[in-house]
Amino acid sequence: MEHIVIIGNGIAGVTAARHIRKLSDKKITIVSAESEYFFSRTALMYVYMGHMKFEHTQPYENHFWKKNRVDLVKGYVTEINTQEKKLQIDGSPDLNYDKLIIATGSKPNKFGWPGQELDGVQGLYSKQDLELLEVNAPNNKVCKRAVIVGGGLIGIELAEMLRTRDIPVTFLVRETSFWNGVLPQGESEMINEHIREHHIDLRLGASLKEIVADENGRVKSVVIEETKEEIECSLVGLTAGVTPNIDFLHDSGIELDRGVKVNRYLETNVKDVYAIGDCAEQHEAIGNRRPVEAVWYTGRMMGEVLAQTICGNRMKYNPGHWFNSAKFLDIEYQTYGWVFPEKKKKESEVHFHWRHPNEKICITIAFDRDSETLLGINTFGIRLRHEVFDRWLNEKRNVDYVMEHLEDANFDPEFYKNFESQIVSKYNTDFGKSIKLKKKNLKRIFQLG
């Protein structure tokens, strides 16, 4: 019986295992040192915030794995011998494989800051990070102040978590506006306001110079590079992005760059060795996507596609149109297609931006200047139907059509306020149009009849 070994029990590795089992009777083993059972990484913050217990983050009962004949091995893989098809595992016997899937995910970036290894300095990625946070910041008596370094999604999650325990937070963001390498200016500025309204000390244009130790080797303060200001703190959260977790592969003969290099079939340069999820790096980026995508849903997609290939139906990875969703404190964010920030967008990309005069709600639509074809949309505080925007992007609809049928895309629950009429009114004013909003139509939405 062919033996499939998967290193890593995150969403990519576990999805591959589940789908291989659906398609075959192959022997499957998952190796992971992080946790005994698969859990939802995106739910870790809610455990700290008291909204759920850790066991609630596990989507499958513990007996699921035995019932589905998926063997679990707990330990770190220290070496891969691709000639003998053998893994060395710290804490477990060597393991032979017929096909190997590397799905080891990411680790928090560290940029060689003085003091980055001190007690009280940590990231927020793994189950162990969550457990360490309970030690470092159980309450505002133990943790008098936290400093978060890096202005991405993990940073704002950590800030929200700490504020639920009334821990003062200073947030160092190197950029001149929060996440302005991803968001257009109007959206980024709105999030700046929102962070500050939640009593978070947001410092823009501020980067870390060093982390200072006390006499016991714990963090006592940080120094800001630009101003040389020293800020006393009990915790430093390093959230300046993540990088593929591939250090153990450097002598394996598997081609590496930033991540494990793979082709469109998720194959490495070594026969019968594949890589998926955050640790995989495409030889050539797919469209406007990055070669390494540390995104939950792309890991899941890769796992599904690779399972087909492993089971004899060789299939290319094709993630389709870019989409993503997140939360900025209590503002929900969605994006479909491409809406580039000012520093990255082409001259041919035009933005229409509407913001509610009082609430933290806005929308930005990107379209081509000449053809007026929809390129993408960002929304904050308005829920949109993924399948509708995916279809409009496939059909290359123009922006007038999108504005006219905007109600079809709205997925907000009943009794939520709708803002389509105000959005269309501003669009007409901005671009000299006379678009009339069509009423929501379920036949169009679900393509019935």
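The largest cavity is lined by Val262, Ala280, Glu281, Gln282, Ile286, Arg289, Arg290, Pro291, Glu293, Met302, Tyr317 and Pro319. A cavity here is a set of points, on a 1 Å grid over the protein atoms alone, where a 1.4 Å probe fits but cannot get out, and lining residues have an atom within 4 Å of a point. The model is a predicted one, in which local features need pLDDT of at least 70 and side-chain atom pairs count only at pLDDT 80 or more, while totals for chains, interfaces and linings use all residues. Residues are numbered from 1 along each chain as its sequence is written, and side-chain values rest on heavy atoms, with hydrogens and water left out.

The volume of the largest cavity is about 60 Å³, a volume being the space filled by probe spheres set on grid points that are joined across faces, edges and corners. Strand β20 (residues 280-282) contributes the most to this lining, with three residues; strands (E, at least two residues) and helices (H or I, at least four) are DSSP runs numbered from the N terminus. By class, the lining of the largest cavity comprises seven nonpolar, one polar and four charged residues. In this division Ala, Val, Leu, Ile, Met, Phe, Trp, Tyr, Cys and Pro count as nonpolar, Asp, Glu, Lys and Arg as charged, and the others, Gly among them, as polar.

In total, the structure holds three cavities of 30 Å³ or more. Six of the residues lining the second largest cavity are nonpolar, none is polar and one is charged.

Open space is described separately, as pockets: a pocket is an open set of points with protein on both sides within 12 Å along at least five of seven lines. The second largest pocket contains about 440 Å³ of space. It is lined by 22 residues, of which Asn288, Gly337, Trp338, Phe340 and Leu375 are the closest to its centre. The lining of the second largest pocket is made up of seven nonpolar, eight polar and seven charged residues.

The structure holds 25 aromatic pairs. Rings of Phe, Tyr and Trp (its six-membered ring) pair if their centres lie within 6.5 Å, and planes under 30 degrees apart count as stacked, over 60 as edge-to-face and the rest as tilted. Tryptophan 322 and tryptophan 338 form a stacked pair, 5.5 Å centre to centre with 15° between the planes. Tryptophan 322 lies in the loop between α7 (296-310) and β21 (323-328) and tryptophan 338 in the loop between β22 (331-337) and β23 (349-355), so the pair ties together parts that are 16 residues apart in sequence. Tryptophan 338 also pairs with phenylalanine 340: the ring centres are 5.6 Å apart and the planes stand at 5°, so this pair is stacked.

Tryptophan 322 is buried at 15%, whereas tryptophan 338 is partly exposed at 23% and phenylalanine 340 is partly exposed at 21%.

Elsewhere, ring pairs join Phe171, Phe178, Trp179, Phe328, Tyr333 and Phe380 into a cluster. Aromatic rings also meet charges, where NZ of Lys or CZ of Arg is within 6 Å of the ring centre and within 35 degrees of the ring normal. Arginine 165 places its charged end over the ring of tyrosine 48, 3.6 Å from the centre, and lysine 127 lies over the face of phenylalanine 54, at 5.0 Å from the ring centre.

Two residues draw attention through their backbone. Most residues other than glycine have a negative phi. Histidine 199, although not a glycine, has a positive phi of about 60°; it is located in the loop between α6 (185-197) and β12 (201-204) and is exposed, with a relative accessible area of 62%. Lysine 228 likewise has a positive phi, of about 65°. Lysine 228 lies in the loop between β14 (219-224) and β15 (230-232) and is partly exposed at 48% relative accessibility.

Key. Buried means under 20% relative accessible area, exposed over 50%, partly exposed in between (1.4 Å probe, protein chains only).
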